[in-house]
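Welcome! Let's take a friendly walk through a few local features of this protein.

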Amino acid sequence: MSSDRTAGADLSAEVEELRRRNAELYRTLDDVGRFYEGLAQLRGLTTPAEVHERVLALAASLIPCRQAHLLVHDPASGRFAPAARRGPPIAFPVDHLVDPALIAWAFGIQNASVVPVESHPLDEGGVRSLVLGPMACQGRPVALLVLGLESEEQGVERIALDLVWALSREAATVLDRLRLTERVRGLVTLLDNVLESVPHAILAIGRDDRIIACNSNAEFLFNFKRFLALGERYQDVFPAEVARVFHAVAVSALEGRATHDVEVEHRITEATTLTVGFSASILADTEGQPYGLVFICRDMSLSREVEKLRELDRMKSEFVQTVSHELKTPLTAILGGTEVLLVDEDTMDPSQVEVVKIIEDGARRLQALISDLLDLSRLESGRIVLEERPTDVAGLLAETCPAMAPPDGPHRLVLDLPEEHRQVYVDPGKIQQVMENLISNAVKYSPRGGEVHVALRYTPTHVEVAVSDEGIGIAPEHHSRIWDKFYRVDSSTTAEIEGTGLGLAIVRHIVEMHGGTIGVESDPASRPGSTFRMALPLKGCPQDEL
Ligand code: ADP
């Protein structure tokens with residue numbers, strides 16, 4: 001009887017145990033069901049931050065932890081940086097316990113793993129083990145899930161680790177997809193910006209004749225609305241005569257014939273007709289297979305206008321050169337004649353002397369103008385080649401400058417040259433011409449005299465020359481224009497000073513041909529005088545020549 005009772009008690013204990021296990025199993029099944037539901041929801045998230053947060057929440061629901069972290073991989077630096085955290089802030093966050101060697105180990109295992117760690121003194125009695133969930137997609141690391149546990153590693157069940165591994169893989173795929181989407185979005189924006197920045201109409205058409213992309217210049221030129229046209233056949237969007245041109249250009253491009261600027265008169269409004277140049281090239285996919293054409297349509301009137309202007313400019317240069325050459329010979333004869341006449345100046349009637357001197361003066365001015373005109377037109381046509389050779393620019397200045405301001409005149413020429421003499425690779429004749437121009441201007445535009453200061457100095461990369469005077473100066477509004485041909489500052493003072501307005505144009509050409517720069521500093525309202533500064537690069541001279 002008592003043994004029966006004992007057997008009955010054992011049975012009910014067993015049934016009780018079975019019930020408990022059954023309930024536990026159901027709870028686990030429920031948990032797993034909820035977990036997979038959460039996993040499925042992960043795929044619907046649209047930002048990495050949402051995914052990070054959800055991953056941490058799901059992981060923490062699987063394995064109770066002190067802190068959960070997500071470290072995201074940066075492909076550029078190869079590092080893992082903290083991107084999200086769950087759990088209360090602690091003095092020593094668990095991501096500090098994860099070093100590159102541990103990360104490399106975790107990714108090598110291809111599963112979620114649990115490792116023991118020594119509690120950090122700043123996190124007393126805190127984290128004793130770490131669960132690591134490596135997230136990789138197609139072999140590339142994406143992120144690392146780190147859970148800091150207060151329990152020993154043996155306390156973590158295998159099923160929980162398996163689920164963390166499933167979570168890590170799924171999250172890696174979702175994050176990688178979001179990263180890719182972001183990149184594609186960036187590329188699309190870039191492409192849109194490029195399309196919009198081109199000053200021509202651009203239209204991409206697929207093999208099925210449907211419009212794939214276009215820019216706003218195309219909308220304007222062919223008078224259609226992009227949002228209505230995208231995806232439509234171009235024959236249904238454009239008038240028949242325009243569609244015919246697209247078709248003809250497309251056929252040429254597909255047959256491999258050159259399609260550069262097939263020109264068509266295109267009416268954009270009742271009153272305006274433009275000459276539009278059509279060209280096309282083939283669009284190929286990543287395998288090189290053609291899938292459409294991109295058309296570029298340009299308004300040709302502008303380029304024709306530019307072509308016409310270029311032609312006019314060329315004709316004008318030729319004309320100036322021919323006329324100048326023709327004038328040179330008779331001028332030389334006139335100057336020779338006046339010289340001969342003035343030999344007998346003492347015996348001549350003073351009024352005759354005056355007339356001959358006026359002729360001589362005029363002829364000299366004309367000669368200067370012709371020489372400047374010829375120089376400039378040669379420089380502009382690009383027919384002048386610099387004869388660059390190692391040159392001691394300081395020595396060149398010491399030779400040239402003194403003769404330009406006679407010692408008995410009202411000007412005092414001061415040369416400020418460095419002790420060292422270096423060789424600079426320049427065309428000495430042309431640089432002398434520049435210096436003569438600048439110094440003669442400094443003298444000319446200082447009618448009351450004063451100091452003309454010429455300074456030279458070397459920087460590590462340039463030789464710099466500054467020519468300063470104490471003359472009439474140049475108001476700032478003229479600074480940008482004095483380099484233009486024939487530009488002369490118009491004032492009562494300058495009216496009496498002779499000049500052609502070509503000197504500085506020649507100077508700038510020569511300096512720029514040397515790869516140098518030149519500028520002016522002057523503000524007569526606050527200080528008299530001007531300073532012209534030129535910088536030439538120290539190029540091409542081997543060190544031993546310097
Ligand atoms: P120009 O033959 O008239 O001197 P440039 O081309 O050499 O022609 O100079 C253009 C103009 O710049 C001059 O007409 C003058 O008004 C102004 N200019 C040039 N150098 C100086 C200077 N050192 N001081 C004042 N004005 C100057």
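Q110 sits in the loop between α3 (100-109) and β3 (113-116). This is a predicted model, and in it Q110 has a positive phi of about 60° although it is not a glycine. Most residues other than glycine have a negative phi. D209 also has a positive value, with phi near 70° in a residue other than glycine. You can find D209 in the loop between β6 (201-206) and β7 (211-214).

How exposed or buried are the loop residues in this report? Here are the values for Q110, D209 and H479.

| Residue | Relative accessible area | Description |
|---|---|---|
| Q110 | 55% | exposed |
| D209 | 24% | partly exposed |
| H479 | 17% | buried |

H479 belongs to the loop between β15 (462-468) and α13 (492-495). H479 is buried because its relative accessible area, 17%, is under 20%. Which backbone oxygen does the side chain of H479 reach? That of I474, at 2.9 Å. Leaving aside neighbours within four places in sequence, H479 touches I474, V520, E521 and S522.

Now for a pair of helices. The axes of α11 (residues 393-400) and α12 (residues 428-444) come within 11 Å and cross at roughly 50°, so the two helices are oblique to each other. Their crossing is right-handed. On the α11 side, the contact is made by L396, L397 and T400, while α12 brings P428, I431, Q432, M435 and E436.

Technical notes
Residues are numbered from 1 along each chain as its sequence is written. This is a predicted model: local features need pLDDT of at least 70, side-chain atom pairs count only at pLDDT 80 or more; totals for chains, interfaces and linings use all residues. Side-chain values use heavy atoms; hydrogens and water are left out. Axes are lines fitted to C-alpha atoms, for helices over the stretch in contact, and angles run from 0 to 180 degrees between N-to-C directions. Helices (H or I, at least four residues) and strands (E, at least two) are DSSP runs, numbered from the N terminus. Angles under 35 degrees count as roughly parallel, over 145 as roughly antiparallel, 65 to 115 as roughly perpendicular and the rest as oblique. A crossing is left-handed if the near helix is turned anticlockwise from the far one by less than a right angle, and right-handed if clockwise. Contact means heavy atoms within 4.5 Å. Buried means under 20% relative accessible area, exposed over 50%, partly exposed in between (1.4 Å probe, protein chains only). A polar contact is a pair of N or O atoms within 3.5 Å; within protein, one must be able to donate a hydrogen and the other to accept it, and residues adjacent in sequence count only if both atoms are side-chain atoms.
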